[in-house]
Amino acid sequence: MSARGADLINDAIATNPPAAVVTPHGRNSFAMGDGAATEDPSMIKRLSVDVRDIESSGDRSQSIIDAERYPPPTAEEAATLRKVSDSIPLIAYSLCIVELAERASYYGVQTIFSNFMQFPLPEGGNGAGAPAKGSEDTVGALGRGEQFSVAIGLLFSFLAYVIPVFGGYGADVYTGRYRMIMYGVLLCGVSHVIMICGAIPTVLKAGNGIAPFMISLIILAIGAGVFKPCVALIVIDQYTHQRAYTKTLKSGEKVVVDPEVTIQRLMLAFYACVNVGAFFAIATTYSEKYVGYWLAFLLPGIVYFLLPILLLAISKHIIKKKPSGSALQNVVKICAMAIKQTKGQFWKKGFWQSASPKVLREKGITTFNGKPITWTEKSVDDVVRTVKACAIFLYFPIYNINDGGIGSVATSQGAAMTTNGAPNDLLSNFNPLTIIAFIPILSYVLYPALRKYNIKFGRITRITVGFAIACLSGMCGAIVQYYIYKTSP
């Protein structure tokens, strides 16, 4: 996972942490949601449904029909049968294409930001940022230097990954996900228009490119931040069958159709589209190198302007859930109350329990900021589980530093090499290419094989293996940089 893989963090903002994160299961404490057969009682309970429970809720006759059509697994079946994916609605794949278009436009322009800001217009170039034919000069436009480029690049990333907190909250409380996505589409569309106009050769030659670029960059970060936290969740909303059931395959094998495995496969398709979109940056890097920035910004804009057309075309087929409120309000209140009651001593035992409504009632506290306490004991437990689950994110700053998170390390490294006509910011595009190649292998070969042989390879294990591979990648980058220093004049 690269900076593009950080999309996963935005997508997780509005979701509840899996119970398995806090309560490991099976012989491998890191194995979660791997789809293999398990003896874990909590997972068996999740997958196993008593027919009498189904009949006692809702319409009896409809429940019986559903139970016959989708027979729930028994405890033994949940523990022993192989788990497979359900069929995925076509509309979910259509929304994945929406994500592909948005990411193509986003990464198409973000990849070339560094050169655009750092280097000046090349001498003897065409005035649009491209160097003279056959020249080893680096493309550029604003000539503001590496420090400026790094600082603004970090600002852009900061906004793009902080604003989703507010975008997700607004969607949950006020607008709903679909409408918030449309707001993000509108903002990003405006950004692309301003960015294209600011890259016209006459504007760059006159030294007036900085203002439109900065305005468009900030609007793009806000638009992407509004769009991003909603799209993955609305994709998942399209899969409505959330109960496991058994079926017999054509081969005669009886299996459990598991919603978790289905969501896993859907998300693999979703992130495959993310990286296919990110691969569009190859077109923009070559465009800046051989034509100029007006074309490099125009191409992602063209792709992006198709996005609202696609959204409107499939709008009537999309399952749109109404705003149902956000747990974020109670989370903030619980944190504030716990800090107040313990005087900020969050490291001490009983920190979270101090915000428990039961404990507060014993102290005679029944209000928060003059209003009745609205959270429950379960709300406090959910916050505790979420905080524990989020501990995994403490490793990501280290990972992002290794991945070139401080500045455009790969781009700057490429600028120090002899490129022989290749764009210096081409290197970063090999990451999505690798992901595109490996996702089908993981989705259709490796993970099914592991499930077939009851080998647990859960989420945390996958992250750990990914970190180890990324560590090897960082070592390779250090070796390359050593030889750059050694061979540079």
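This is a predicted model: local features need pLDDT of at least 70, side-chain atom pairs count only at pLDDT 80 or more; totals for chains, interfaces and linings use all residues.
## Helix α7 against α14

Two packed helices are described by the angle between their axes and the distance between the axes. Helix α7 spans residues 90-118, and helix α14 spans residues 293-305. Their axes lie 7 Å apart, at an angle of about 165°. Angles over 145 degrees count as roughly antiparallel, so α7 is roughly antiparallel to α14. The crossing of α7 past α14 is left-handed.

On the α7 side, the contact uses A101, E102, A104, S105, G108, V109, I112, F113, N115 and F116. On the α14 side, Y293, A296, F297, P300, V303 and Y304 meet them. By class, this contact has 12 nonpolar, three polar and one charged residues.

## Helix α7 against α11

Helix α11 covers residues 210-237. Its axis comes within 11 Å of the α7 axis, and the two cross at roughly 155°. That angle makes α7 roughly antiparallel to α11. This crossing is left-handed.

From α7, the contact draws on A92, L95, C96, V98, E99, E102, R103, Y106, V109, F113, F116 and M117. From α11 come F213, L217, L220, A224, F227, K228, V231, I234 and V235. The class count is 17 nonpolar, no polar and four charged residues.

## E102 in α7

E102 sits in helix α7. It belongs to the contact with α14 and also to the contact with α11. Its relative accessible area is 1%, so E102 is buried.

The E102 side chain makes a polar contact of 2.6 Å with the side chain of R103. Beyond residues up to four places away in sequence, E102 touches A224, F227, Y304 and L307. Of these, A224 and F227 are among the α11 residues that meet α7.

## Y245 in strand β2

Y245 lies in strand β2, which runs over residues 245-248. With a relative accessible area of 7%, Y245 is buried. Its side chain joins that of D86 through a polar contact of 3.2 Å.

Leaving aside neighbours within four places in sequence, Y245 contacts Y70, P71, P72, P73, D86, V255, V256 and V257. Y245 and E77 are 168 residues apart in sequence. In space, their C-alpha atoms are 9.9 Å apart.

Conventions:
Residues are numbered from 1 along each chain as its sequence is written. Side-chain values use heavy atoms; hydrogens and water are left out. Axes are lines fitted to C-alpha atoms, for helices over the stretch in contact, and angles run from 0 to 180 degrees between N-to-C directions. Helices (H or I, at least four residues) and strands (E, at least two) are DSSP runs, numbered from the N terminus. Angles under 35 degrees count as roughly parallel, over 145 as roughly antiparallel, 65 to 115 as roughly perpendicular and the rest as oblique. A crossing is left-handed if the near helix is turned anticlockwise from the far one by less than a right angle, and right-handed if clockwise. Contact means heavy atoms within 4.5 Å. Ala, Val, Leu, Ile, Met, Phe, Trp, Tyr, Cys and Pro count as nonpolar, Asp, Glu, Lys and Arg as charged, and the others, Gly among them, as polar. Buried means under 20% relative accessible area, exposed over 50%, partly exposed in between (1.4 Å probe, protein chains only). A polar contact is a pair of N or O atoms within 3.5 Å; within protein, one must be able to donate a hydrogen and the other to accept it, and residues adjacent in sequence count only if both atoms are side-chain atoms.
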